[in-house]
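Good morning, and thank you for coming.

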Amino acid sequence: AGDCVTKVYSNAKADLSVEVVPAARAIFPAIGTVITIGGTGKTDMIGAHSGKYILTGGSQESTVDGETRYSFELEQYIATNLGA
């Protein structure tokens with residue numbers, strides 16, 4: 001009938017902040033790096049947050065006693081269930 005109809009589908013986004021104290025110091029990854037959250041020993045902590053995330057920001061700090069901490073700001077785009 002000449003009507004113009006537009007539908008927009010988008011993915012939901014999850015944000016996650018993680019602080020890590022590594023066993024050895026390493027170079028902070030570049031923004032945009034894909035980081036995988038997972039593991040078997042910390043299921044209570046990981047919960048529904050496992051999967052691949054995009055690194056959007058963060059920082060690296062070292063203490064005077066040699067401990068290094070990394071803070072990661074992450075985003076995950078979750079596929080929308082169009083059948084729901």
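This is a predicted model: local features need pLDDT of at least 70, side-chain atom pairs count only at pLDDT 80 or more; totals for chains, interfaces and linings use all residues.

Let us begin with V34, which is located in strand β2, spanning residues 34–37. Strands here are DSSP runs of E with at least two residues, helices are runs of H or I with at least four residues, and both are numbered from the N terminus. V34 has a relative accessibility of 52% and counts as exposed. On this scale, buried means under 20% relative accessible area, exposed means over 50%, and partly exposed lies in between, with a 1.4 Å probe and protein chains only.

Residues are numbered from 1 along each chain as its sequence is written, and side-chain values use heavy atoms, with hydrogens and water left out.

V34 also belongs to a nonpolar surface patch with I54 and Y77, and together they have about 280 Å² of accessible area. Such patches take residues with over 30% relative accessible area and no salt bridge; nonpolar side chains (Val, Leu, Ile, Met, Phe, Trp, Tyr) are joined within 5 Å, and like charges within 9 Å. The areas come from the Shrake-Rupley method with a 1.4 Å probe, and for residues only the protein chains shown count as cover.

How is the chain as a whole arranged? The protein chain has 1 helix and 4 strands, in the order β-β-α-β-β along the sequence. It has 84 residues, of which 15% count as buried. The protein chain exposes about 6,500 Å², with 54% of that supplied by carbon and sulfur atoms.

I turn now to the strand pairing, where two strands pair if DSSP finds at least two bridges between them. Strands β1 and β4 are antiparallel and share 9 bridges; in this pairing, D15 has E75 in β4 as its bridge partner. Strand β3, residues 51–62, also runs antiparallel to β4, with 8 bridges joining them. β3 and β4 make a hairpin with 5 residues between them, and G66 in the turn has a positive phi of about 95°.

Which residue stands opposite T68 of β4? That residue is S62, and the side chains of T68 and S62 make a polar contact at 3.4 Å. A polar contact is a pair of N or O atoms within 3.5 Å; within protein, one must be able to donate a hydrogen and the other to accept it, and residues adjacent in sequence count only if both atoms are side-chain atoms. T68 is buried, at 7% relative accessibility.

My last topic is charge. There are 2 salt bridges, each defined as a side-chain nitrogen of Lys or Arg within 4 Å of a carboxyl oxygen of Asp or Glu. In one of them, the closest N and O atoms of E19 and R69 are 2.9 Å apart. E19 lies in strand β1 (residues 12–20) and R69 in strand β4 (residues 68–78), so this pair ties together parts 50 residues apart in sequence. E19 is exposed, at 51%, whereas R69 is partly exposed, at 31%. R69 also forms a salt bridge with E67, at 3.1 Å between the closest N and O atoms, and E67 is partly exposed, at 32%. Through shared partners, E19, E67 and R69 are joined into one network of salt bridges.
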